[in-house]
Amino acid sequence: MASVKYLLQSKNDNSNIYIQFSIGRKQVFKRKTGFIINPLYWSKDKGQPIQKSQETKALKSKLDKLAIFVNDNYNSAISDGIELTGDWLQFQIDLFNNKKPKLELDKLTEYTQKYIDEAPYKENGKKGTGLSKGRVQNLKLFKNTIERYELEMFSKKSILIKNINLLFVENFKIWLFAQKYSINYVGKNIANIKTICLDAQKNDFEISSQVKNIKVISESKEPENIIILSETEQDKIKDAKLIRESLINARKWLLLGCLIGQRGGDLLNITNDNIKALNGIKIIELKQQKTGKLVAIPLLPEALEIIENGLPYKISLPRYNEYIKDVCEIAEINEPITDRKKATSRDATTIETLPKYKFITSHIARRSFATNFYGRIPTPVLMNITGHGTEQVFLKYIGKTTYDNAYQMLEYFGKLAPRTKTPPHMEIIRNA
């Protein structure tokens, strides 16, 4: 449990007020707040200014707000996987005091932070403006990884951008693999190094001529096993006898997800404000986090039934992933499945044969929707709902090929009524 405490460390008339931020016994950070006070007006027992004047009351108010600010950003840092250090605490104090932290942009970590700060204005992969939430999260994790690399291999010395060359990248790769990161995770870190260096070059920072030769690695793997919940399996989940309220709630989210085809993050953020009426038809309208696209999804009777019985309450994505495995286990979704399995996002995957519920994650709802409704709803309409950019990507996502699409068209044409062709008929008209 994190806690904030204020204290003085001198008896001077203008003593600095320190903030002590404790996360645990081994994580206690202390920094100057930027505020000063005469010790005569300070309560050591309460750790705050004595309330005897407007000045001390105003100072106490500022310190209270700073404590709230640090605690709020602490919660965000925990969810984003950011390492908490004394520098992190100083950064929060500077932000609160509207003091722009001084960045030494020739350092890899500092320039990465600049790149993160400018994320809303960066060009994304779709030639639009603004990096996605997932991309920003990836960059934050990358910065965190570099800081640990500096701590372990460089005795906390900063890595300079100009010193990043092929030898540096090779040593960094060796260290990453020693941490038991997967090939794809290592590849993402190498790609981030190249991205940051090339962006720094655009801003006239010195970089090695070898940067352009940095190769990004990725894991070559077998075609992905497409795992979905069939409509029969969804019925089994619906009829499963659940006792725990948390599992009943997770089941609602899972079944609703299979009917509206949204990513886990978008699904779990749905509230009653997203439910609207369009020409007398109930729809869910939302802005997809990854694409920034506004979509409107008509609600099928089964989806309406879930919502009218009470929209499920909000839970975190990790908890949702945990609970739906339990739900599917109870529902006996236990067909043996052979697929890649990994303990965490960093671990290398292994091929395992396990009961199907072991492979259930939040993503299965979107894929089940796309697969189950393929051929029943026009593909462009499905793509608009799921957020896929091209038909080729969509078909690969559900394990189909362009030939499947052709067969679907042939089947459709076969259902059309045949045209009746009237043979040509000549009529001789005699001159009167």
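## A hairpin of two strands

In this predicted model, strands β6 and β7 make up a hairpin in which two residues lie between them, and Asn279, located in the turn, has a positive phi of about 55°. Strand β6 covers residues 275-278 and strand β7 covers residues 281-287, and the two run antiparallel and are joined by four bridges. One of the positions in this pairing is Lys276, which stands opposite Ile283 in β7. Helices (H or I, at least four residues) and strands (E, at least two) are taken from DSSP runs and numbered from the N terminus, while two strands are said to pair if DSSP finds at least two bridges between them.

Because the model is predicted, local features need pLDDT of at least 70 and side-chain atom pairs count only at pLDDT 80 or more, whereas totals for chains, interfaces and linings use all residues. Residues are numbered from 1 along each chain as its sequence is written, and side-chain values use heavy atoms, with hydrogens and water left out.

## An open sheet and its helix

Three strands, in the order β1-β2-β3, form an open sheet with antiparallel pairing. Since β1 (3-8) and β3 (27-37) stand at the edges and each has a single partner strand, one side of each is left without a neighbour in the sheet. On average, neighbouring strands of this sheet are turned by 25° against each other, direction ignored.

Between β2 (residues 15-24) and β3, the antiparallel pairing extends over eight bridges, and Ser15 has Ile37 in β3 as its bridge partner. Helix α2 (residues 86-96) packs on the sheet and touches β2 and β3, and its direction makes about 30° with that of β3. Contact here means heavy atoms within 4.5 Å, and the angles run from 0 to 180 degrees between N-to-C directions, with axes fitted to C-alpha atoms, for helices over the stretch in contact.

Lys173 has its place in helix α5 (residues 166-178). With a relative accessible area of 16%, Lys173 is buried, a word that means under 20% relative accessible area, while exposed means over 50% and partly exposed lies in between (1.4 Å probe, protein chains only). Leaving aside residues up to four places away in sequence, Lys173 touches Val186, Ile190 and Ile217.

Asp117 belongs to helix α3 (residues 108-117) and counts as partly exposed, at 42% relative accessibility. The C-alpha atoms of Asp117 and Val136 are separated by 9.2 Å, although these residues are 19 residues apart along the chain.
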